[in-house]
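Visitor: Could you pick one spot in this model and walk me through it closely? I'd like to follow what surrounds it, then look a bit further out.

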Amino acid sequence: MKLVKIGLGIGALVALFGIGGLYVNRHAIERITQQAMLPEAVPYEAKPTTTPQKTAATLGTTKPLPTISPAKTTLPKEVNLAVPFTPQAPHANWDDPYGELCEEASVLMAVSYLQHKKIPNAAFANSALLAIKNFEEKRFGFYKDTTAEETAIILREHFSYNKVEVKQNPTVTDIQQALAHGRVVIVPVAGREIGNPYFQVPGPLYHMIVVKGYTSAGKFITHDPGTRHGADYLYDQTVIMNAIHDWRVDSNISLGKKVVIFAG
């Protein structure tokens, strides 16, 4: 059921779940309210490459050409990419290996969007995640806690998708620009710093999510595979930016590099 994009009172939200004393926690209410106001999700569309700027050499002259400043582009107020969702535990079994498959789920969601594919059901997602796990074990010798670069390798080699960039020290604007150009963003984070109330306490030390859009209210629209409630989950941009940290072999995630993956 698609909610009409209007402000809903608490009473109306509770009514959606029925009456008779059914408890609806504040997180569910907040999510319904926020998701009712999300911009429409758009499918992936490959953007044409920029035409190379002509130089003095290509024009057959040695005279210097005037400097041309790049045209300024205005970012859309909101972006929401139509990325399919799966939790990392498709059948709600959070025992290993599923408790460790956030990177695999993030890659699966991203590449499905980029290749115009769906994640049709839990059985499909389960099979695809285990196939990625098997690839990692053969390629890296392990599957747990892959870095941003190792995660990018999954895209390049397992899925033969090469339009991938590992971006060091990204800014909010970098991420917004990528999203505005239809690129999906895979983000490694210190999982205990993002404050998702659906995580089992204390939350994952290291985690990976997909950023699929942003709102005019300063939120990132994400698919967080660490919970079945993770589809279109909204995080404050400052929370995500502060929590971005790549994996470290010493597990000191707070010292991990600031890095994300742009794909598309």
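Guide: Let's start with V164, which is buried at a relative accessible area of 13% (buried means under 20%, exposed over 50% and partly exposed in between, with a 1.4 Å probe and protein chains only). Bear in mind that this is a predicted model, where local features need pLDDT of at least 70, side-chain atom pairs count only at pLDDT 80 or more, and totals for chains, interfaces and linings use all residues. Residues are numbered from 1 along each chain as its sequence is written, and side-chain values use heavy atoms, with hydrogens and water left out.

V164 belongs to strand β2 (helices, H or I of at least four residues, and strands, E of at least two, are DSSP runs numbered from the N terminus). Setting aside neighbours within four places in sequence, V164 touches A152, L155, R156, I261 and F262 (contact is heavy atoms within 4.5 Å). A152 sits 12 residues away along the chain, with a C-alpha separation of 6.7 Å from V164.

Now for the pairing. β2 (residues 164-168) runs antiparallel to β7, joined by five bridges, and V164 faces A263 of β7; strands count as paired when DSSP finds at least two bridges between them. β7 also pairs with β3 (residues 184-190), again antiparallel, through three bridges, and there I186 has I261 as its bridge partner.

β7 itself (residues 259-263) has five of its five residues buried, so the strand is largely enclosed by the rest of the structure. V259, I261 and A263 point one way, V260 and F262 the other, and all are buried.

Over to the helices. The axes of α4 (residues 122-139) and α5 (residues 148-158) come within 11 Å and cross at roughly 105 degrees; axes are lines fitted to C-alpha atoms, for helices over the stretch in contact, with angles from 0 to 180 degrees between N-to-C directions. That makes α4 roughly perpendicular to α5 (65 to 115 degrees; under 35 is roughly parallel, over 145 roughly antiparallel, the rest oblique). A131, I132, F135, E136 and R139 of α4 meet I153, I154, E157 and H158 of α5.

Last stop, α3 (residues 102-114): 13 of its 13 residues are buried. Just after α3, H116 takes a positive phi of about 55 degrees.
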